[in-house]
Amino acid sequence: METSGRRKFLRNTLALAATATLGTNALAAATLKGGKKKEPANNQDGNVAYAFAQIALPYAYNALEPHIDALTMDIHYTKHHATYVKNVNEAIVAEKVTYTTPEEFFSNATKLSAKIRNNAGGAWNHNFFWENLAPAKGQAPTGKLLEAINGSFGSLDKFKEEFAKAGTGRFGSGWAWLVDNNGKLEIGSTPNQDNPLFEDSAFKGKPLLGLDVWEHAYYLHYQNKRPDYITAWWNVVNWDTVAKRLG
Ligand SMILES: [Fe+2]
């Protein structure tokens with residue numbers, strides 16, 4: 001068999017093995033890995049269901065150093081995030097769930113199994129997180145976003161102080177968020193892999209900025225010093241993304 005034919009054979013064999021192991025929905029997610037576009041996929045009964053997928057990381061694992069180290073980024077993306085995506089897609093097939101958008105999952109959070117709830121949140125939250133990070137270049141919010149921050153919190157420094165408090169004050173694992181709540185910016189946090197779009201979240205709104213405060217996000221470099229991780233994290237916030245989300 002010539003080289004290109006062998007490659008094709010191997011690719012087809014691996015695809016068939018993946019289908020047998022994971023089901024069509026998970027395979028659809030695997031196929032979509034690396035692309036931003038996420039399309040509904042058919043589950044095993046032919047029902048249309050959403051397949052979660054990882055976005056391609058918009059920068060190299062070491063691009064956020066020294067603020068977030070390459071090994072943490074590598075493990076966070078290839079192990080933690082990838083596992084949430086794999087688990088949620090397997091559960092969507094196994095439980096025959098037919099929601100077609102992430103928002104539909106989250107607005108029906110109380111009806112979801114713990115496996116789907118936690119892993120759907122983990123899959124979506126991490127895509128959101130990767131996109132609101134960028135290599136440190138002295139970036140800062142400007143224009144309408146800065147005006148909104150100043151209007152809601154008094155100043156950028158005050159906003160950062162309040163946001164850091166939400167991150168350090170979240171007991172155990174969870175997320176800190178900046179949201180747009182009907183035109184007003186608000187800061188809060190959610191436990192585990194919940195987010196402000198969840199039906200039963202105590203803190204709600206349209207997410208603009210998310211900070212992962214699970215230990216897996218910082219422990220290799222910062223150990224128990226979550227406040228130091230948050231202080232460094234400000235250097236790698238992608239304010240352009242936050243501004244676009246604000247609209
Ligand atoms: Fe995480």
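This is a predicted model: local features need pLDDT of at least 70, side-chain atom pairs count only at pLDDT 80 or more; totals for chains, interfaces and linings use all residues.

Biologist: Which residues coordinate the iron ion, and at what distances?

Modeller: The donors are NE2 of His76, NE2 of His126, OD of Asp212 and NE2 of His216, at 1.9 to 2.1 Å from the iron ion, and a donor has to lie within 2.8 Å of the metal. Along the chain these donors follow the spacing H-x49-H-x85-D-x3-H. His76 belongs to helix H3 (residues 70-94) and His216 to the loop between S5 and helix H8 (219-222), so this pair ties together parts that are 140 residues apart in sequence.

Biologist: What makes the arrangement around the iron ion tetrahedral?

Modeller: Four donors count as tetrahedral if all angles lie between 85 and 135 degrees; the 4 donor atoms here subtend angles of 91 to 135°, and therefore the arrangement is called tetrahedral.

Biologist: How do you know whether His76 is buried or exposed, and what of His216?

Modeller: The cut-off for buried is under 20% relative accessible area. His76 has a relative accessibility of 1% and so counts as buried, and His216, with a relative accessible area of 17%, is buried as well.

Biologist: Why is strand S5 described as largely enclosed by the rest of the structure?

Modeller: Strand S5 covers residues 206-212, and because 6 of its 7 residues are buried, the strand is largely enclosed.

Biologist: How do you know that S3 and S5 pair, and where does S5 sit in the sheet?

Modeller: Pairing takes at least two bridges between the strands, and 6 bridges join strand S3 (residues 174-181) to S5, the two running antiparallel. Within that pairing Trp175 stands opposite Asp212, which is also one of the donors of the iron ion, while Leu178 stands opposite Leu209. The open sheet consists of 3 strands in the order S4-S3-S5, with antiparallel pairing. Strand S4 (184-191) and S5 are the edge strands, each pairing on one side only. On average, neighbouring strands of this sheet are turned by 25° against each other, direction ignored. Helix H6 (residues 143-153) packs on the sheet, where it touches S3 and S4, and its direction makes about 80° with that of S4.

Biologist: Why is the pair of Phe129 and Trp175 called edge-to-face?

Modeller: The structure holds 23 aromatic pairs. Rings pair if their centres lie within 6.5 Å, and planes over 60 degrees apart count as edge-to-face; the centres of Phe129 and Trp175 are 5.6 Å apart and their planes stand at 85°, so the pair is edge-to-face. Phe129 lies in helix H5 (residues 114-131) and Trp175 in strand S3, 46 residues apart, and both residues are buried.

Biologist: What makes Phe159 and Trp239 an edge-to-face pair?

Modeller: Their ring centres are 6.4 Å apart and their planes stand at 65°, so this pair is edge-to-face. The pair links Phe159 in helix H7 (residues 156-169) with Trp239 in helix H10 (residues 239-246), 80 residues apart. Phe159 has a relative accessible area of 0% and is therefore buried, and Trp239 is buried at 4%.

Biologist: Which residues do ring pairs link into a cluster?

Modeller: Among them are Tyr61, Tyr77, Phe106, Trp124 and Phe128, together with Phe129 and Trp175.

Methods
Residues are numbered from 1 along each chain as its sequence is written. Side-chain values use heavy atoms; hydrogens and water are left out. Buried means under 20% relative accessible area, exposed over 50%, partly exposed in between (1.4 Å probe, protein chains only). Helices (H or I, at least four residues) and strands (E, at least two) are DSSP runs, numbered from the N terminus. Axes are lines fitted to C-alpha atoms, for helices over the stretch in contact, and angles run from 0 to 180 degrees between N-to-C directions. Contact means heavy atoms within 4.5 Å. Donors are N, O and S atoms within 2.8 Å of the metal (3.2 Å for Na, K and Ca); water is not among the atoms, so sites may look incomplete. Four donors count as tetrahedral if all angles lie between 85 and 135 degrees; four count as square planar and six as octahedral if opposite donors are over 155 degrees apart and all others between 65 and 115; anything else is irregular. Rings of Phe, Tyr and Trp (its six-membered ring) pair if their centres lie within 6.5 Å; planes under 30 degrees apart count as stacked, over 60 as edge-to-face and the rest as tilted.
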